[in-house]
Amino acid sequence: MNVKNIGISFVILFGFWLLLNGTFTTPIIVTGLIVSLIIPMFFCARCDVFADMRLTPKAFLYTFIYLFVFAFELVKANLDVTRRVISPKLPINPGIVKVKTKLKSKMARMILANSITLTPGTFTLAIEKKYLYIHWIDVQDKDVEAATKEIVQKFEKYLEVIYG
Amino acid sequence: MEILKIIGAVITLMGSIALFLGALGLVRMPDLYNRIQTGTKASTFGTVLTLLGLIFIFPGWVGKLFILMLFVGISNPVSSHVLARNAYRYGVPLSDKTTVDRLAEDIENKEVEPVNNAL
Amino acid sequence: MVNTVLTISVVLILLSVLLSLYRFIKGPNTADRVIAFDVMTIASIGLIALISYFANRLIYLDVAVVYGLLSFIGVIVVAKFLEKSL
């Protein structure tokens, strides 16, 4: 379990090192390998951030699809913001609704909350166990189940496969 | 090569328009939570698009620009979520237009603790 | 052509910094000021990247990376302070 954490941290740190340097000479690669192996050993000895991640081909495929869904929602969110900001009447109908998530892993919940923050009209205000409190700029449904269907499920079905 | 530069310039222009609209929303919206909504979305999207346009113009700079895009895209939602949650606990008022507030109901019913320190 | 469009972008980003400065001065409370500060710094990251294009220097992007880190830490520190748990 711990090898998995250290391994994923190592891959991420080494990728960042290479991107930051931008060159691929031998001294830089060797230094990067050593440093990005030592840092996870110190700081990730007991962490369980990546423990729930699945490394199957299906999970990779769904990560890819998720990124596309997310980019599409991001563009839609900004068109929505543009429409609301420009129109002189300021068409907002804000409120705080409660939604429920099935995800268990901490990392998956964090990604879900971040995605909700960047998608049209919704904003994660608080997370309390399996409930998320969402500030919605244009409330369409005050009911927990209906709001869950509207906001959470489009991301949840992918994250469920990636994190379980 | 010239066509790539022009595409990059147009993407950068779109990004800066998004940033401008975000700041306009910051001025026009009635309460803190709506300001955070428009501010966060538009500023994240605008900065990511600006940097993406620069990648088209200077393909050699892709490493650092990509790190910046990733960093802005991850850190900005997290910081504004922390700010909004703590402002709610601190008692920043909602605007008059608000229709429903489930969090206040649950705090009143003792289902949620009014202050938690889980950062 | 490219330079003209990018100059227009710089002007737009500067305008957005000015608008958030208005919100920063007017308030009405600390959290509003912090979110204005956040938008200002995030816009400045784009501005620094554009400046590094005009100066044609890659090293300026490092300044933008550090600036982004500082803005993230700054917002979180003020948020913790608001919650009276600092």
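1. Conventions. Residues are numbered from 1 along each chain as its sequence is written, while chains are lettered from A and ligands numbered from 1 in the order in which they are written. Because the model is predicted, local features need pLDDT of at least 70 and side-chain atom pairs count only at pLDDT 80 or more, whereas totals for chains, interfaces and linings use all residues, and side-chain values use heavy atoms, with hydrogens and water left out.

2. Chain B by itself. Chain B has four helices and zero strands, where helices (H or I, at least four residues) and strands (E, at least two) are DSSP runs numbered from the N terminus. Of the 119 residues in chain B, 60% are buried, that is, under 20% relative accessible area, with exposed being over 50% and partly exposed in between (1.4 Å probe, protein chains only). Among contacts in chain B (heavy atoms within 4.5 Å) between residues at least 6 apart in sequence, 67% join residues at least 24 apart.

3. Interface with chain A. Here 44 residues of chain B are in contact with 40 residues of chain A, and the two chains bury about 3,800 Å² between them, 68% of it on carbon and sulfur atoms; buried area is the accessible area (1.4 Å probe) that two parts lose on being put together, summed over both. Between chain B and chain A there are zero salt bridges, a salt bridge being a side-chain nitrogen of Lys or Arg within 4 Å of a carboxyl oxygen of Asp or Glu. The count of residue pairs in polar contact, both at pLDDT 80 or more, is eight; a polar contact is a pair of N or O atoms within 3.5 Å, and within protein one must be able to donate a hydrogen and the other to accept it, with residues adjacent in sequence counting only if both atoms are side-chain atoms.

4. What chain B brings to chain A. Helices H1 (2–28), H2 (32–57), H3 (62–90) and H4 (102–108) of chain B each supply at least two residues of the side that touches chain A, and the largest share, 15 residues, comes from H3(B).

5. Interface with chain C. The contact takes 48 residues from chain B and 49 residues from chain C, and these chains bury about 4,300 Å² between them, 80% of it on carbon and sulfur atoms. B:Trp61, B:Lys64 and B:Leu83 supply 15% of the area that chain B buries against chain C, more than any other three residues. There are two salt bridges between chain B and chain C, and the side chains of B:Lys64 and C:Asp62 meet in a salt bridge at 3.2 Å, N to O. Six residue pairs, both at pLDDT 80 or more, are in polar contact across this interface.

6. Nonpolar cores. A nonpolar core is a set of buried Ala, Val, Leu, Ile, Met, Phe, Trp, Tyr and Cys residues joined through side-chain atoms within 4.5 Å. The largest has 29 residues, of which B:Leu54, B:Ile57, B:Leu65, B:Leu68 and C:Tyr53 touch the most other members. H2(C) gives the largest share of this core, eight residues. Leaving out residues up to four places away in sequence, B:Leu54 touches B:Thr12, B:Leu65, C:Ala49, C:Leu50 and C:Tyr53. Apart from this core lies another, of 23 residues, among them A:Ala126, A:Tyr133, B:Tyr33 and C:Ile35.
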